[in-house]
Amino acid sequence: MPMPLFLRLLKHKRGAWISFVSIYALGLSVFLVVNGLAKNFQEEIRVKSKELLEADLRVHARRPFTAAEEAHISRLVPAASKSAEVWGFLSMLRMGPAGQALPGRGPDTASSLGVTPETEAGPGAAPTGAIGAARAPAVRAQAADKAMAASRLVQVKAISPGYPLVGGFTFAGASRGGWFGRMEDFRSGEILVPRELLAAMKARVGDTVSLGAKSFVIKDEYKTRPGGNFDFWEMGSRVYIPLADMPATGLDRKGSRIFRYRYFMLPEAIDPGTLRDSLDAALSDPEVDVSVYTDSGSDLSRSFHMVTAFLKMLSLSAFLLSAVGAAFFFRHHLVGERKTVAVLTTLGAARRRIVGIYVAQNLFLSTLAAVSGMALARLWSIGLPLLLHKLYNIDIPSNLPLSTFFIGLGLAVCTSLLFGFTGFAGLGRIPPATLIKPLETAPLGVLPRIALFLAQGAFFYALAMADSRSWLLSALSVGAMGGAFLLLGALGWSAFKVLWMLRSRMGYALRIVLGSIRWGREKSLLAFAALGFVAFTSCLVPQLQDLILNEISVPKGRVIPQLFLFDIQEEQLQGLQALIKSRGQTLAQPSPMVRARLEKVNGVPFKREEAGKPAGGGNRKAVTLEERNRQQFRNRGFNLSYRDSMSDAETLIAGKWWKGRAAEGAVPEISMEKDFAKRLKIRLGDLLAFDVQGVEVEGKVTSLRQVRWASFQPNFFVLFQPGALEEAPKSFLGTIKQIPPDQAEDIQNRVSEAFPNVTILNLKDVIGKTVETLGKLTWLVRFLSGFALLIGLAILWLVVDALVSENQRTILLLRALGEPRSRLARLFLAHYAGFCLMAGLTGYFLSLAAAWIINLVVWQVPWIPDLGIFLVCAGASLFVGVLCSLYAAYRGAGQPLRGLLSLTRA
Amino acid sequence: MKASRAGTTPSYSNMPRLPNGKVPIAAFTALLISAFAVLAQQSAQRTVKILILGDSLTEGLGVEKEDAFPAKLDGMLRKWRDGVQVVNGGSSGSTSASGLRRLKWYEKAKPDLVLLALGSNDGLRGVKVEETRKNVEAALLFCQSKHWQVVLAGLKVPPNYGAEYAGAFEKIYPELAAKYKVPIVKFLLEGVAGEPGMNQADGIHPNERGHERIAENLFRFFQPLLSGATGKPAPG
């Protein structure tokens, strides 16, 4: 079967179509992998958020639901939903059965338990057990030891059958004694406790403990538990008891602070957000709270939102980059085919047929690229997770949804056709005279070209909308890219015009370069725009990446803390530090905390109506964290701190940081967190007066900071210059880094024995889950940014190489005229390196503007240009240009002069 | 340290006691009145400064500063008579451990009377009862060493902490009051804790109505103690 004409015409352009297919396939593979990964991550975050909330939807109140509320819940929540009920409260868990004094407990141990003898002799206390009275001294010592750790604050979760709806427990002894860790085997009179509590209470599985008036047998030690949300007030270890046992404890009485939680897993068709709104409207009491999983883990959601937006922009950029690269080659190919078209026209071929040939070529090549891209994407998706697991022990989801491939195929073909359209439309207008005289102007007029450009923009906008579902983000992405492309074209054209006017003052070599550019100005302009665009995208990605990483990653050299210690009194600080040091750890970042009220701003009593009155008036419930913070802020209370310098989780964004301590009698300086300052309408230079527990302390706002809250460090909204608050009553808070569970338990126990007022929070579960996810996202951002940059450089190389190949005729001609090789090398260096540098710099400066707009409008964070990125991008562009030039000179120099004849014939 | 060391209150050493060791109520009340008569005499010359040392309940977390009970009490007392000032010494999140240091800070303010409302965070965090007792006692003794009259505010933990802990905790205040012969507001949150409509959504912090109720309770408590002092009675 004879080969179709469109393929025969491609036969001699192997270089061009290999470039087309490879560039396009590479970009498409990135698009597919990133999209696939983003989808997988989105799903993972969705599942994690549900795990954090423990359901799709949760309704909770700190009191029993009223009959009317119960009726609203039953009416609004679909009957097909799965549900579970949990009561949560703080209580004291005690060793031994209820109503019985501890074994061996005598007057000597009573005080160490923190209970006075009178209390022990109260009506509820049973007589000392028979064992206790006749204990041998050794046994008594053991008992005393046990008694010391006999009563602990715990966070009780009384759970109904069916709990948990999402996630689950893992148990240490799940295969012991017929207990296989199935929650349906968890029965009345049993309690599930974490390991650290067993250690703290010196208890074992099977021991009896009591909560209120009810005894429980420790069923098992759980290693992991469902949920992860942390409430500041929930400071004890979590223990689980059956809900049915609650009446027997006698703890649910008037004045008890018991939260009632209802968890629901909704049928697929139900939108939790809509249901939340309906329930919110029906359950108007501020004491009732309705949450859906998308609300949980707000830090994680924000970080994920940013990363997803970034990845989508990245993948779209990578694809657009490759599409531009591929379009460059195809257009380049079409320009080179003008003589062939003229021949075909002369031979009587219909214009429609001629256009059809090149459309078929485009379709063939884009399909080939799509198939290669999809195969490459599949390889990435299999290889990357394996590589990552091997190298960094990070697990990322690897499957690519099937829909991704169909999207990829459709996208590749449509985009290629759309980008090639200007070329196709022009083909029909090539006159036969082109055979003897090259076209002076492009075959298609300016207006149709603009129309096509706008159509391409609209196509990409639709694509971005489908991808990000944000009109703003889509408009910004496509606008930035389209604008950059147009600007690059305009700038390149203007630069050339200026240089052309100045050509008489230039040397011989530069004049030849300019002449060469003018000879193929359409191609040159296209190449300049393509190169500039590559530089633009390659520069934009690391700038945005920097910002994302700032938001989600832990500062360099900083480890995520596990234990948070607070309410450390000043006189306890040294002793506490010494104790922790004796256990081989350090109390990191001990930060003073001074409670104060904002009284005046610039001498005027501070009143903030919106802080005092809920929006909408009345007793409307605070739905968002922001609203809750506002309500908390109604008494203008602040936690102030002071420091010599900023922590590595802080960035100064306005004003200047203080030098040293405030001088005696001088007004101390204040640094505020930028969002907080904005909320309170406080500006640089404002004079604030605080009531520090009865004493007025003034300070002037001299700087605004951005705080990386996800860094899990002790951070403050308001910082004072040292020298102003040292004398004020204060407590300290500090952290201890991630440590093995045994060590954490040991430190917790020792600290609570030696410093009973110091509260230690072990945030391993909450932080662990968040950090794990953020770690994955950080890696993903880094890797894919680097990947996009490499693609950019590869395209840069291929575009320059194509340009160089175009100029082989010039090289040979100059050699035939006796030009020495060294001068040829200089000539090409001036041409391509200069070309690359100019395009690179233009792309870089355009990327600055784009990064500034994107940061400000989309992420609303300040942005500072990074000189390092500038140097890397400009350097990389120049390097590729120099390398290509040298290679061109070397290749051209090595070619026999007879090639000039064959090139001329072609 | 004995109360008599303060120099402004009579000695209790010869006080007749009941067999259970408790001071007879009538005698105790008489003593309190005489103690505050001295305070009232002092206040005839200058403003009586009442410092309320507490935590977020006192600070008024979640309500305007003017709606917190110290400000309300200040308003009620001023309306009733001249020459009284109430200082809000509340600090959110603080436990009894910070009491002593904070009192040292307030030395500059020279209070005449200190209402110690310390310990509710201790209770909520499950701090050992003995530790809380030790801290409150230290704060009380410091006040007495400075010749400041002390009133203790009784606090409780919610019943869900269990009868044993809750019982031991709430005994701290009457026991210390008896030991050092200082007056006591039986329960600071009387009529507020656990009452629907008196608390914010967190169930811990009183709302405006709750603060109003606390202020009324305290006003009734302070009124007889300060009634001996001269000052213009409020109109009406």
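# A first look at chains A and B

In chain A, A:P164 sits in the loop between β3 (151-159) and β4 (170-171). Helices here are DSSP runs of H or I with at least four residues, strands are runs of E with at least two, and both are numbered from the N terminus. You're looking at a predicted model, so local features need pLDDT of at least 70 and side-chain atom pairs count only at pLDDT 80 or more, while totals for chains, interfaces and linings use all residues. Residues are numbered from 1 along each chain as its sequence is written, and chains are lettered from A and ligands numbered from 1 in the order in which they are written.

- A:E54 isn't a glycine, yet its phi is positive, at about 75°. You'll find A:E54 in the loop between α2 (14-53) and β1 (57-61).
- A:E54 is buried, with 24 other C-beta atoms within 10 Å. Buried means 20 or more other C-beta atoms within 10 Å of a residue's own, exposed means 12 or fewer, and partly exposed is in between, with C-beta atoms placed from the backbone.
- A:K202, also not a glycine, has a positive phi near 50°. A:K202 lies in the loop between α8 and β6 (208-211) and counts as partly exposed, with 16 C-beta neighbours inside 10 Å.

**Helix α23 of chain A**

- α23(A) covers residues 741-754, and its 14 residues reach 20 Å from first C-alpha to last, close to the 20 Å expected at 1.5 Å a residue. That expected span is 1.5 Å times one less than the number of residues.
- Its buried residues include A:A744, A:I747, A:Q748, A:V751 and A:S752. They cover an arc of only 120° around the axis, so they're on the same side of α23(A). The arc is taken from the directions from the helix axis to the C-beta atoms.
- Among the elements covering those buried residues are α8 (195-201), α19 (573-582) and β20 (731-737) of chain A.

**Where A meets B**

- 49 residues of chain A are in contact with 43 residues of chain B; contact means C-beta atoms, placed from the backbone, within 7 Å.
- On chain A's side, β2 (82-95) and β12 (588-601) are among the elements that each supply at least two residues. β2(A) gives the largest share, 5 residues.

**Chain B on its own**

- Chain B has 8 helices and 5 strands.
- Of its 236 residues, 51% are buried.

Technical notes
Contact = placed C-beta atoms within 7 Å.
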